[in-house]
Amino acid sequence: MDLASLLQFLASGLTVGSTYGLAALGFTIIFNTTGIINFAQGEFVMLGGILAVVFMHWLDPGLPAAILLAVVATTLVGLLMERLTIRPVRNASAINLIIVTIGVSITIRGLVMLFWGKDTYVLPAFSGMAPIHLLGATIIPQSLWILGIAVVVLALLKGFFSRTIFGRAMLACSFEPRAARLVGISVERMVMASFMLSAFVGAVGGVILTPLTMTSYDVGVLLGMKGFAACILGGLGNPFGAAAGGLILGILEAFGAGLVSSAYKDAIAFVVILGILLWKPSGLFGVPDTERV
Amino acid sequence: MLILKNVDIFYSRVHAVRRVSLHVNQGEIVALIGGNGAGKTTLLTTISGLLRSSGGSLHFDGQDITRLRPEHIVAAGISQVPERRLVFKPMSVEDNLLLGAYQRRGLKMRNQIQQEIRQVYEMFPVLGQRRKQSAGTLSGGEQQMLAIGRALMAKPRMLLLDEPGMGLAPALSQMIFRHVVELRDAFGLTVLLVEQNAKCALRIANRGYVMETGRIILQGSSEELQLNRDVQRAYLGREVEQQ
């Protein structure tokens, strides 16, 4: 393998990997406040992309405004999801809530198919399609946007969780929910905020990915699964593990597709999940549950 | 200050607390003693609003708190130091204290909260030395201090303490109890103290209630309870002398 193709695989792996990482972050945020896996996370990613296309055609406000509207609308979907489907049954067991999220994901997918059909849509690239050549590898500008925005979102989330009292309170809910309520943190409000935040992160991922890979009503299924695989890879509950897991998964896929066969590209994620679960169930960056008594 | 009247609590279909009435006056330390499963923790959980009573009423400072949500009860001035301390283990000591003041968050409060954190460090110097360390690395006694400090950060007028001496060496647990008295004397805090270790609890309390299987079976001043034969036999581990 020469340097050019190495770079090429690396670039496309990092690009796709950042969107897996964003989806994985969405899983992590909700898991941390509620202890459930939100299987509608992929639908947030899909909604981000498809709503941006819809707003472009419907209102024609220009690309940045359409993107903003799509992200805001998806965040509201996250809010509605929590309000209408999670809060009414919040005392149910985690497994029941997880099944609720699967129901929500099927519903969102169905509604999108009803309104906008099964067509594939595309969004214009943020700054043209003229490729950049670098040491023999070809990188399209959208890849740089994806990487850049993913890094910015990650940095903002890090700041949010470690610097703001609201972010710390969200973490506190995951560490010790009973104590969180005793210091006056409204766990209900934090759960709502976590759904909005992960819908936001998912939508951003969807919007930046759509110019590159196109979108349709069912892209969320696979993206959600990849994001989940990234979570398991990085260690469930660890935001930076999730982001790193996404990047690693993206790179593995790119190299797998390039060196073995692109037919197996999607299988790689699931082989990775199986391998990790057998070899290190707490994930690469996870810490096994131990407690000092 | 705190008045409970005929409180009934069901905890997952078990009638855990039956028609309990008790009161705590301003500036008092009141001990609630009794064995495992007597309903003491359930009662504290309900006062803090994490459980709802199914009958009776709870009043704090004249305000009906029977149906208030936990965050409003903290805002009303009741803080709880929970059983097993429940510090936020992966977070730093300082962040734990900061979250204690969550109810009073806001830009204008920042300086005052920082100053109060320093006051907690003055009271518990070891917390100050370990302020950047994660709370999970602290010893049991230090975690108890942190849990008390965190509760104080909400600026409560009343403190509910659930088994502060649990799992601590006797000397440490006595030190914690001394701090409780100090808090009452220095800040006029009112304290409701739940303990299985009746000896220690009654030593610092003004009055006490004895709970058994969800009911209050005895009440009185600490001296009376310490001299009561049933209490001695059941909770103080003293054999009644032959007469």
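Let me start with the six-stranded sheet in chain B. It is an open sheet with mixed pairing, and its strand order is β6-β7-β8-β3-β9-β10. Keep in mind that this is a predicted model. At the edges stand β6 and β10 of chain B, the latter covering 215-221; each has a single partner strand, so one side of each is left without a neighbour in the sheet. From one strand to the next, the twist averages 15°.

Now β7 of chain B, residues 158-162. How many of the residues in this strand are buried? The count is 5 of the 5, so the strand is largely enclosed by the rest of the structure.

On to the partners of β7(B). Strand β6 of chain B, residues 78-81, pairs with β7(B) in the parallel sense over 4 bridges. In β7(B), L161(B) has V81(B) opposite. Strand β8 of chain B, residues 190-195, is also parallel to β7(B), this time over 5 bridges. There L161(B) stands opposite L193(B) of β8(B).

V30(B) has R207(B) of β9(B) opposite. A helix covers several of these strands: α1 of chain B, residues 40-47, lies across β3, β6, β7, β8 and β9 of chain B and runs at about 150° to β7(B).

Chain B has another open sheet, with 4 strands in the order β2-β1-β4-β5 and antiparallel pairing. Its edge strands are β2, 14-24, and β5, 63-64, each pairing on one side only. β1 of chain B, residues 2-11, runs antiparallel to β2(B), joined by 7 bridges. One of the facing pairs is I3(B) with H23(B) in β2(B).

Next, chain A, where I will take two helix pairs. Two packed helices are described by the angle between their axes and the distance between the axes. Helix α1 of chain A, residues 3-34, packs against α10 of chain A, residues 239-259, at an angle of about 145°, with the axes 6 Å apart. The crossing of α1(A) past α10(A) is right-handed. Their contact divides into 16 nonpolar, 11 polar and 1 charged residues.

The other pair is α3 of chain A, residues 63-86, and α8 of chain A, residues 187-213; their axes come within 8 Å and cross at roughly 145°. This crossing, α3(A) past α8(A), is right-handed. Contributors from α3(A) include A70(A), G78(A) and E82(A), and those from α8(A) include F195(A), A199(A) and G202(A). By class, this contact has 16 nonpolar, 5 polar and 1 charged residues.

Last, where the chains meet. How many residues does each chain give to the contact? Chain A gives 16 residues and chain B gives 23 residues. On the chain A side, α6 (165-175) and α7 (177-182) each supply at least two residues. The largest share on that side, 6 residues, comes from α6(A). The chain A side that touches chain B divides into 9 nonpolar, 2 polar and 5 charged residues.

Definitions and conventions
Residues numbered from 1 in each chain as written. Chains lettered and ligands numbered in written order. Predicted model: local features only at pLDDT ≥ 70, side-chain atom pairs only at ≥ 80, totals over all residues. Contact = placed C-beta atoms within 7 Å. Nonpolar A, V, L, I, M, F, W, Y, C, P; charged D, E, K, R; others polar. Buried ≥ 20, exposed ≤ 12 C-beta atoms within 10 Å, placed from the backbone. Pairing = 2+ DSSP bridges. Axes fitted to C-alpha atoms, helices over the stretch in contact; angles between N-to-C directions. Left-handed = near helix turned anticlockwise from the far one by under 90°.
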